[in-house]
Amino acid sequence: MKPAIRDGRSVALRRAAFMTMAAALAWPAAGLAQTMLQLTTGGATGSYYMIGAPMAKFANEHSKTIRVTPITSGGSVENLRRVEAGTAQLGMTSQDLMYKAWHGEKPFGKPTRNWRVIGIITPILANHVVALDASNIEAAPDLKGKIFAIGAPGSMASDQMNLFLEFTGLRGAVDARMLPHQDYPTMLLDGKVQAINRAASVPAASVEEIAVQKPISLVDLGKTLDQSGFLKKYPFYQKTVIKGGTYKGEKRDVTTFGTAGYLIAHKDVPDAVVYEFTKLAYSKDGIKHVDLAFKGANVNREHPLDGNIGPVHPGAAKFWKEIGVTYPEPTLK
């Protein structure tokens, strides 16, 4: 009987801890003087954080009612999960993951629908598959038998590349690993992996960092994309060409794929709070502030919902309506 008593006490303690956490994370009333918001982004050197940090700074400097804290994370998958659970009120993700989350497809175990869209924040984030030039890895089939760091756990990069490898039949022939992406330049330069993948706007700072130290080769995925029908199967991905000369030493035009990044909010964040954040983040001065900090942003007030497939948060919708933005009905309902 004693073990049963301990088990019951343990359950009670866990339940109490959960209730305490839930109370701490409850949404503040819209009428309070200040609302604290966590904005979950990505790695400290990635596009999401490089956009989210100056965006939060601008909002904090120009609002008396909200305070935004940018939080690093594993990336788009983790961000959706955090927003879904309410442990972050704002986050950054992509349209392919919106689709998968809504329908409960991998990597999500069940329909994930507590999020709403605010607006676009990046151009297409291209999957940069990078190898050292000396490795002679130039196209997708050359990855066979190689150690390939496909992205950080919980990132958009790892999810997209894993799907690409599975669909094209390369998954079993490649030693694909999910590793912390801040270590990718060092791991590639030291020969611990033979290829890496970073989903980022073009040019990507992490790729430039590698290219100035050793000659690189961007891996062309174009032929495999076309032959496999990958983009027909998954139309929310877009083909992207990285022009030769974008990175030191790589003179070829290289074809890859990716999706744009979007800001999302938990559906229960008060409309007035999301309205205030959207109005500041997508103000002309706010956009200028982000652009000065990071040239790879696409915080776009004229076309803020291009390509969006998810339901829009009412607070954001109010702002878009005020400035005359029209957009089609979302396909996810």
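1. In this note a residue is called buried under 20% relative accessible area, exposed over 50%, and partly exposed in between (1.4 Å probe, protein chains only). The model is predicted, so local features need pLDDT of at least 70 and side-chain atom pairs count only at pLDDT 80 or more, while totals for chains, interfaces and linings use all residues. Residues are numbered from 1 along each chain as its sequence is written, and side-chain values use heavy atoms, with hydrogens and water left out.

2. Salt bridges. The structure holds nine salt bridges, a salt bridge being a side-chain nitrogen of Lys or Arg within 4 Å of a carboxyl oxygen of Asp or Glu. One of them joins the side chains of E61 and K57, at 2.6 Å from N to O. The two residues are four apart in helix α2 (residues 47-62), and therefore about one helical turn separates them; helices (H or I, at least four residues) and strands (E, at least two) are DSSP runs, numbered from the N terminus. E61 is partly exposed at 48% relative accessibility, and K57 is partly exposed at 44%.

3. K279 and E276 form a salt bridge with an N to O distance of 3.7 Å. Both belong to helix α10 (residues 271-281), where they lie three residues apart, about one turn of the helix. An α-helix has 3.6 residues a turn, so residues three or four places apart point the same way. K279 is partly exposed, with a relative accessible area of 32%, whereas E276 is buried at 15%.

4. R252 and E250. Is E250 buried or exposed? At 6% relative accessibility, E250 is buried. Its side chain meets that of R252 in a salt bridge of 3.0 Å, N to O, and R252 is partly exposed at 30%.

5. Helix α12. Within α12, the residues G315, A316, F319 and W320 are buried. They cover an arc of only 135° around the axis, which puts them on the same side of α12; the arc is that of the directions from the helix axis to the C-beta atoms. These buried residues pack against β4 (115-132) and α10, contact meaning heavy atoms within 4.5 Å.

6. After α12. I323 lies in the segment that follows α12 (314-322) and is partly exposed, with a relative accessible area of 31%. The C-alpha atoms of I323 and Y184 are separated by 42 Å, the two residues being 139 residues apart along the chain.

7. The largest pocket. On a 1 Å grid over the protein atoms alone, a pocket is an open set of points with protein on both sides within 12 Å along at least five of seven lines, where a 1.4 Å probe fits; lining residues have an atom within 4 Å of a point. The volume of the largest pocket is about 410 Å³, volume being the space filled by probe spheres set on the points, which are joined across faces, edges and corners.

8. Its lining. Of the 20 lining residues, K100, K106, P107, D159 and L163 lie nearest the centre of the largest pocket. At least two lining residues come from each of α3 (76-85), α4 (95-103) and α5 (156-167), and α5 gives the most, with five. The lining divides into eight nonpolar, four polar and eight charged residues; Ala, Val, Leu, Ile, Met, Phe, Trp, Tyr, Cys and Pro count as nonpolar, Asp, Glu, Lys and Arg as charged, and the others, Gly among them, as polar.
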